[in-house]
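Please examine the sequence and the structure shown here before reading on. The paragraphs below then lead through the model.

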Amino acid sequence: MSQLNLAGVGMTSERTRVRLVNRLREQGVSNNRVLDCIRETPRHLFLDEALAHRAYEDSALPIGYGQTLSQPYIVARMTEILMASAVSLDRVLEVGTGSGYQTSILAQLAGEVYSVERIKPLQDKARTRLRNLGLRNVHLHHADGGFGWPEKGPFTAILSTAAPREVPRDLLTQLAPGGALVIPVGDEVQQLTLIIRDDENDRFITQKLEPVKFVPLLSGTTR
Ligand code: SAH
């Protein structure tokens, strides 16, 4: 059963969404809880009306301000990696709220979600959408997420949907013991990277997962 408030939401046909989920499964996404969320979440609500008809294609789509809503495959993949790697999803930090779509998927699987966005108008739109869907465990913050959200940390899991050249130190220090960070790293060539805080051995374990293409992590904020 979906925990989303879908009253008055014009959904595209069940068939379209099932087809998307089947495609993700073929591409190797296997976590059923993640796939259920993708099937039940109205991605078209996170896009401007002119693009809404493309919401269930497996592609990244523009959301204004030079930013993009990530491709469903990458949203699903990052979420399932986080679930498999982090000690829990009790307290999740997301860097780059954007449209709020990835936030909405995390919110259905996590305890509390803290999401930081540097572009204020994007954050405002995301806030309205997430509220309309009835997701009450989401906390949004207008700030440079390269510094994490120190007042709310430590986090059991951190996910960044924007790519820095190097992993920001503050994100590492805000990881709880056993916590996991999933983040695209690089410039022209980016690698999806998983970092786990292994406290027993007092170290971070880093794994490069697959090549990806994200918008850059930028510093500062815009109104
Ligand atoms: N998760 C989003 C993806 C949006 S693209 C979605 O599902 O729609 C990445 C987002 O990261 C953009 O909105 C961009 O403005 C934001 N971003 C880039 N650098 C940032 C920073 N330093 N702090 C916070 N957000 C940042």
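The model is predicted, so local features need pLDDT of at least 70 and side-chain atom pairs count only at pLDDT 80 or more, whereas totals for chains, interfaces and linings use all residues. Residues are numbered from 1 along each chain as its sequence is written, and side-chain values use heavy atoms, with hydrogens and water left out.

The ligand sits in the largest pocket. A pocket is defined on a 1 Å grid over the protein atoms alone, as an open set of points where a 1.4 Å probe fits, with protein on both sides within 12 Å along at least five of seven lines; a molecule sits in it if more than half of its atoms lie within 2 Å of its grid points. Around the ligand are 26 residues, of which Ser99, Glu117, Asp144, Gly145 and Leu218 come nearest; a residue counts as near if one of its heavy atoms lies within 4 Å. This shell divides into 11 nonpolar, 11 polar and four charged residues, where Ala, Val, Leu, Ile, Met, Phe, Trp, Tyr, Cys and Pro count as nonpolar, Asp, Glu, Lys and Arg as charged, and the others, Gly among them, as polar.

Strand 2, helix 4 (101-109) and strand 4 (112-117) each supply at least two residues of the shell, and strand 2 gives the most, with three residues. Helices (H or I, at least four residues) and strands (E, at least two) are DSSP runs, numbered from the N terminus.

A polar side-chain atom of Glu117 lies 2.6 Å from an oxygen atom of the ligand, and one of Asp144 lies 2.8 Å from a ligand nitrogen atom. The protein buries 99% of the 580 Å² that the ligand exposes when taken alone, with accessible areas from the Shrake-Rupley method and a 1.4 Å probe.

Strand 2 (residues 67-69) also pairs with strand 1 (residues 61-64) in the antiparallel sense over three bridges; pairing requires that DSSP finds at least two bridges between two strands. Within this pair, Thr68 of strand 2 is the bridge partner of Pro62. Two residues separate the strands of this hairpin, and Tyr65 takes a positive phi near 60°.

A second hairpin is formed by strand 8 and strand 9, with four residues between them and a positive phi of about 50° at Asp202 in the turn. Nine bridges join strand 8 (residues 190-198) to strand 9 (residues 203-212), which run antiparallel. Ile195 has Thr206 of strand 9 as its bridge partner.

Most residues other than glycine have a negative phi, and most peptide bonds are trans. The peptide bond from Gly153 to Pro154 is cis, with omega near 0°. Pro154 is in the loop between strand 5 (138-142) and strand 6 (155-160).

Key: Polar contact = N/O pair within 3.5 Å; in protein donor to acceptor, adjacent residues only side chain to side chain. 1 Å grid on protein atoms, 1.4 Å probe; cavity = no way out; pocket = protein on both sides within 12 Å on 5 of 7 lines; lining within 4 Å.
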